[in-house]
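Trainee: Before we discuss any detail, could you show me the model and take me through how its features are read?

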Amino acid sequence: PPIDECLSLYDFEAVAKSVLPTAAWAYYSSGADDEITMRENRNAYQRIWFRPAILRDVEKVDFSSTILGHKVRPTTIYITATALGKLGHPDGEKNLTWAGAEQGIIQMIPTLASCSFDEIVDAAKPGQVQFMQLYVNKDREITRKIVQHAEKRGIKGLFITVDAPQLGRREKDMRQKFADEGSNVQRTKGESVDKSQGAARAISSFIDPSLSWKDIPWFKSITKMPIVLKGVQRWEDAVLAAEAGLAGVVLSNHGGRQLDFARSGIEILEEVMRELRRRDLLKNGFEVYIDGGVRRAGDVLKAIALGATAVGIGRPFLYAYSAYGHEGVSRAIQILKDEMEMNCRLIGAPTLKDVTPDMVRRARHLHA
Ligand code: FNR
C-alpha cells in the first residue's frame, strides 16, 4: 500500500510482515521463550489510564525536550539500537540516520549493525547527535578501540547493554538457518560462527558474560562520553548506577528478547524513580529512559508522567524502513509527533513539564 495509508505505527508492522523474507521477519519480530514479556510490554501500557486536566489553554503545545543535554526537536523519543539492519533493507541502519536527520531525533548505533560504524556516522548531517550501543567484547582491547573510536567520531553517549550476558532463546529465529553475511561480527581469532542457532546466537558469541560492576571504573577511565546502562530491571541496579556516577539507565527488557517474565520498563519506572528520589540521586542530572512496546504518543506521555526523560523505540522503525526505506521511518516519527500534539492537548499539558504523575492512574487489571 502507498505510504500515506500508514496511519499508525502498527500499520508499518503489517506491511513489513508481508514484504520481509521469512528469516528477517523471524529475527525482527521474535521474543524470548513464550514471548510473555514481549506481549507484556504492550499490556503494561494498557493498564495505565489518563486523568486529563481541562481548561489549561492548550492552543500552543511545546513538547520539545533534551536527552543527555541534547535538544531533541521536538519530541522526547529516540531510535534505539537494533542489530542487523540489512536484513530488512539494503541501506540498513542508514535509513535511521537519514530519518533522524529529517526529524531531529537521536539514533543509537548498534554494535551489531549491518552497515559499518563509520558508514553510519558518515551518513549523519553535521551536528546530528548519535549515541552508541555497546556489547562488551571478551577481548577488552577490541572494546577499548571501539569506544575510543566512537568518541573520536563525535558520538555523544555510550549505552552499555547489560541484559544480555547470553542471548535469549528466540525460537522463531532459531528455526531459521542464519545465512546473512552482512553483519559486523567481532570474531576472536580462530573462532567460527555457529549458524545453526538463528541470527541472534550466530553473531553474539563475542559478548563477555563476566562483565560486572567492577568494570565500570574502567569504562569511565577510557572515555569522556556519558555512560548509560541499557537493560536495567530493578531499582537496586538503578541506584548502583547512579552511585557509580553514570549518566543514566534504560529500563528495558530488550524488547522481550532476553529474560522471559522480565517486567516491562513502564511497570518498574515508578519504583525506580521513587528510590532514586529518596536517595537524592537525581540531582546530578541522572536520567532514566525506558523502551519496549512504545507504539503511540500516549505511551510516551505515560512514561514522561511517571518520570522518564525519554523513551526508545525499536521494532516500529525497523518495520517502517523494511517497507518504505528512510521515508517510512520519517513518516513513523511524524505520526508520533502528530499524535503527541493531539494527546498533549487532550490531557491538558501545554508543555512536557505539565505531564506530571497526577496525569495518570494505574489500573489493577488490563482494563480499568
Ligand atoms: C534489539 N535490541 C537490541 N538491543 C541492544 O542493546 N543491542 C542489540 O543489538 C539489539 N538488537 C535488537 C534487534 C532487534 C531486531 C530488536 C527488535 C531489538 C533491543 C532494542 O534496543 C530495544 O530494547 C527494544 O527493541 C525495544 O522494544 P520495541 O520498541 O522493539 O518493542
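Mentor: Let us start with burial, where a residue is buried if 20 or more other C-beta atoms lie within 10 Å of its own, exposed if 12 or fewer, and partly exposed in between, with C-beta atoms placed from the backbone; of the 368 residues of the protein, 51% count as buried. This is a predicted model, in which local features need pLDDT of at least 70 and side-chain atom pairs count only at pLDDT 80 or more, while totals for chains, interfaces and linings use all residues. Residues are numbered from 1 along each chain as its sequence is written.

Trainee: What is the mean pLDDT of the protein?

Mentor: Where pLDDT is low, the predicted coordinates should not be read in detail. Here pLDDT, the predictor's confidence in each residue from 0 to 100, has a mean of 93 over the protein, and 92% of the residues reach 70 or more. The model scores are ipTM 0.99 and pTM 0.95.

Trainee: How many helices and strands are there in the protein?

Mentor: Helices (H or I, at least four residues) and strands (E, at least two) are DSSP runs numbered from the N terminus, and the protein has 13 helices and twelve strands. The radius of gyration, taken over C-alpha atoms, is set against a globule rule of 2.2 Å times the number of residues to the power 0.38; the protein has 19 Å, close to the 21 Å that the rule gives for 368 residues, so it is as compact as a globular protein of that length.

Trainee: Which elements do the buried residues of helix α11 pack against?

Mentor: An α-helix has 3.6 residues a turn, so residues three or four places apart point the same way. In α11 the buried residues are Gly265, Ile266, Glu267, Ile268, Leu269, Val272 and Leu276. With contact meaning that two C-beta atoms, placed from the backbone, lie within 7 Å, the buried residues of α11 pack against α3 (36-46), β1 (48-50), α10 (235-243), β9 (248-251), β10 (287-291) and α12 (297-305).

Trainee: Is Leu306 buried or exposed?

Mentor: Leu306, in the loop between α12 and β11 (310-313), counts as buried because 24 C-beta neighbours lie inside 10 Å. Leaving aside neighbours within four places in sequence, Leu306 is in contact with Leu269, Glu270, Met273, Pro357 and Val360, and the C-alpha atoms of Leu306 and Ile266 are 8.1 Å apart although 40 residues separate them in sequence. By contrast, Lys353, in the loop between α13 (315-347) and β12 (360-362), is exposed, with 10 other C-beta atoms within 10 Å.

Trainee: Which residues come nearest to the ligand?

Mentor: A residue is near a molecule if its C-beta atom, placed from the backbone, lies within 6 Å of it. Of the 23 residues around the ligand, Ala83, Thr161, Gly255, Gly314 and Arg315 come nearest.
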